[in-house]
Amino acid sequence: MKPIFTTGSVLILLLILTSQKADGQKNALWVGGGIQISSMDDMKYFQEFILESYPVEGKIISSFPAYTMGSFGWINQRSPLIRIGAGYGFSATGAKSNYTDYTGYITSLINVVSHRVGAFASYSVLGGNWYELSVIGRFEVKYSKVDATSNLYALGAAGFTENSYRSWSPGGAGGVEFLIHLKNYSFGLEGGYDIDAQGKLSKRENNEELKDPNDPARVLTTNWTGWYAQAKFILWLDF
């Protein structure tokens with residue numbers, strides 16, 4: 001009777017098991033935070049329109065500067081060179097206009113935030129066991145909220161107006177990621193360029209579109225297109 005396991009079959013089995021261990025997938029959680037510069041062309045135009053509606057000559061204090069962003073999510077190491085993952089991101093920016101004199105003031109604020117979910121893939125182009133440089137690509141769907149408020153106080157009389165809008169838009173991003181790897185965690189930087197499809201704005205309470213005051217056939221949009229950079233921390237898990 002022949003033995004069930006020959007020397008050759010045992011060697012093949014060992015090779016299979018060791019190769020699976022070497023190429024085994026790893027999972028991780030990541031969190032990041034940084035800044036983003038967003039185009040917001042229509043929102044800047046909207047700010048100018050609000051300023052022009054003042055009964056006096058006001059001025060722009062700020063107009064959608066670079067502002068905060070954050071993200072977190074899950075990573076799967078598919079191979080030594082390829083990672084995929086999914087996650088949630090948050091971005092915010094805004095604008096302020098004002099007029100003030102001894103009789104009173106007018107202040108207008110536009111606050112814009114986006115909540116985004118999506119997936120990404122990265123490919124390592126340089127590095128070793130303790131550091132790595134990768135190219136990274138993302139696809140996301142963004143839900144944006146715009147709150148526009150104006151406060152007026154003059155000669156003892158006060159007034160307040162508020163309008164809230166929303167938009168949906170797909171988008172993508174491409175960039176580079178540099179990581180330093182330690183025993184069970186990594187940290188580093190990611191930077192790149194975000195391209196947004198520009199979501200049409202409508203009122204949150206009744207879905208009425210936010211039309212261009214000078215061209216009613218055109219709907220104003222959010223536009224998150226621009227550069228971003230964030231620091232990242234990754235915790236590698238045991239499964």
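Which residues have the most contacts inside the largest nonpolar core? I looked this up in what is a predicted model. The core has 18 residues, and Met43, Phe46, Phe64, Ile110, Val112 and Val146 have the most contacts inside it. I then listed the elements that give two or more residues to this core, and they are α2, β5 and β6. Helix α2 gives the most, with four residues. Another core lies apart from this one; it has eight residues, including Ala28, Phe120, Leu179 and Trp236.

Entry on valine 146. I asked what valine 146 touches, leaving out residues up to four places away in sequence. I found Met43, Ile110 and Val112 among its contacts. The list also holds Asn111, Asn163, Ser164, Tyr165, Leu201, Arg204 and Thr222.

Entry on helix α2. I checked the length of the helix, residues 41-52, against its residue count. At 1.5 Å a residue, its 12 residues should span 16 Å, and the end C-alpha atoms are 17 Å apart, which agrees. Which residues of α2 are buried? I noted Asp42, Met43, Phe46, Gln47, Ile50 and Leu51. I then looked at what covers them: the cover includes β2 (59-63), β4 (82-101), β5 (104-127), β6 (131-154), β7 (157-181) and β11 (215-219).

Entry on aromatic pairs. I counted nine aromatic pairs. One of them joins phenylalanine 72 and tyrosine 88; this pair is tilted, at 5.4 Å centre to centre with 45° between the planes. Phenylalanine 72 is in strand β3 (residues 67-77) and tyrosine 88 in strand β4, so the pair links distant parts of the chain, 16 residues apart.

I went on to tyrosine 131 and phenylalanine 178. Their ring centres are 6.4 Å apart and their planes meet at 40°, so this pair is tilted. Tyrosine 131 lies in strand β6 and phenylalanine 178 in strand β7, so the pair ties together parts 47 residues apart in sequence. Tyrosine 131 is partly exposed, with a relative accessible area of 25%. I also found that ring pairs link Trp130, Tyr131 and Phe178 into a cluster.

Entry on phenylalanine 178. Not counting residues up to four places away in sequence, phenylalanine 178 touches Tyr131, Glu132, Leu133, Phe187, Gly188 and Leu189. For leucine 133 I noted both separations from phenylalanine 178: 45 residues in sequence, and 4.6 Å from C-alpha to C-alpha in space.

Entry on charges over rings. I found lysine 26 over the face of tryptophan 236, at 4.9 Å from the ring centre. Arginine 116 lies over the face of tryptophan 224, at 5.8 Å from the ring centre.

Entry on confidence. The mean pLDDT of the protein chain is 89, and 89% of its residues reach 70 or more. Over residues 1-24 the pLDDT is below 50, and beyond near neighbours in sequence this stretch has two contacts in the model. Where pLDDT is low, predicted coordinates should not be read in detail. I therefore made no detailed reading there.

Terms used: Residues numbered from 1 in each chain as written. Predicted model: local features only at pLDDT ≥ 70, side-chain atom pairs only at ≥ 80, totals over all residues. Heavy atoms only, no water. Expected span 1.5 Å × (residues − 1). Buried < 20%, exposed > 50% of the residue type's maximum accessible area, 1.4 Å probe, protein only. Contact = heavy atoms within 4.5 Å. pLDDT = per-residue confidence, 0-100. Phe/Tyr/Trp six-rings, centres within 6.5 Å; stacked < 30°, edge-to-face > 60°. Lys NZ or Arg CZ within 6 Å of the ring centre and 35° of its normal. Core = buried A, V, L, I, M, F, W, Y, C linked by side-chain atoms within 4.5 Å.
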